[in-house]
Amino acid sequence: MIQDDFRQQGLRARLVQELRRKGAGNERVWEAMQRVPRHLFLERSFGQFAYKDVAFPIGAGQTISQPSTVARQSALLSTREGQRILEVGTGSGYQSAVLAELGVELFSIERQSALYTSTRQLLQQLGYKSIKLFLGDGYEGLPQEAPFDGILVTAGAAALPQELLRQLKVGGLMVVPLGAKVQTMTRIRRLSETDFEQEAYGECAFVPMLGGIVRQ
Ligand code: SAM
């Protein structure tokens, strides 16, 4: 059952204040995060921790990202309403919901079938019609839906996923945690058919981006 009462809304407002103090995100992103009931994206037993700035297990050995990480990645992607965005690593669907609240048309890929199934059900229940979920290997992207205005990778990639670069529009941005062990939050801007610009935004720690699909 979907329940989002005053207490949870209040805790969410406090979390948003904390993100503001930390300088993680921007005004548009904080407003979007204020609208997403994060406690519904965690297992019920972790619900009490939903509005703390921490990551949590979501099953299949994966995690829901820390709110400050979601805020930073969403801000780096600099989306505008109506843009077509690809997310790699749907996980719990929380980041997907934040992007949907920012007004984009979202295509999101998950390689773990258990997460794909449970998250699809939750996002449907919550009424997120602008999110389309795919079970697949994010290294391949979604050629049938490309090109994208922006691409957000929410798992750590050892090297730049070349196929994803090909699916980015000229002028588009890709945000990806990059590196084998320690990762660097990286933003790539496609300048032309052949040229890309790369900027680094500090160290981060994500579960690894892995190839193939894992079926239940
Ligand atoms: N954005 C998610 C959220 O808000 O809950 C966090 C996701 S978790 C940090 C990273 C996710 O990426 C995991 O669910 C993992 O299964 C997925 N993943 C890793 N490699 C992938 C790939 N090649 N294609 C699609 N999903 C992948």
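This is a predicted model: local features need pLDDT of at least 70, side-chain atom pairs count only at pLDDT 80 or more; totals for chains, interfaces and linings use all residues.
I began at proline 147, which I found in the loop between S5 and strand S6 (148-153), where helices (H or I, at least four residues) and strands (E, at least two) are DSSP runs, numbered from the N terminus.

Residues are numbered from 1 along each chain as its sequence is written, and side-chain values use heavy atoms, with hydrogens and water left out.

I then looked up phenylalanine 134, which belongs to strand S5 (residues 131-135). Setting aside its neighbours within four places in sequence, I listed its contacts (heavy atoms within 4.5 Å) as Phe107, Ser108, Ile109, Glu110, Tyr116, Leu142 and Gln144. I also checked valine 88, which is 46 residues from phenylalanine 134 in sequence and 9.7 Å from it in space, C-alpha to C-alpha.

Next I examined the ligand, which 27 residues surround (a heavy atom within 4 Å), the closest being Thr63, Ser92, Glu110, Gly138 and Leu210. I followed the polar contacts, taken as pairs of N or O atoms within 3.5 Å. A backbone N or O atom of glycine 138 is 2.7 Å from a nitrogen atom of the ligand; an N or O atom in the side chain of aspartate 137 lies 3.1 Å from a ligand nitrogen atom; and for a polar side-chain atom of threonine 154 the distance to a nitrogen atom of the ligand is 3.3 Å.

Last, I turned to helix H2 (residues 27-35) and helix H4 (residues 94-101), which pack at an angle of about 120° with their axes 8 Å apart, the axes being lines fitted to C-alpha atoms over the stretch in contact and the angles running from 0 to 180 degrees between N-to-C directions. That makes H2 oblique to H4, since angles under 35 degrees count as roughly parallel, over 145 as roughly antiparallel, 65 to 115 as roughly perpendicular and the rest as oblique. I recorded Ala32, Met33 and Arg35 of H2 and Tyr94, Val98 and Glu101 of H4 as making the contact.

Methods:
A polar contact is a pair of N or O atoms within 3.5 Å; within protein, one must be able to donate a hydrogen and the other to accept it, and residues adjacent in sequence count only if both atoms are side-chain atoms.
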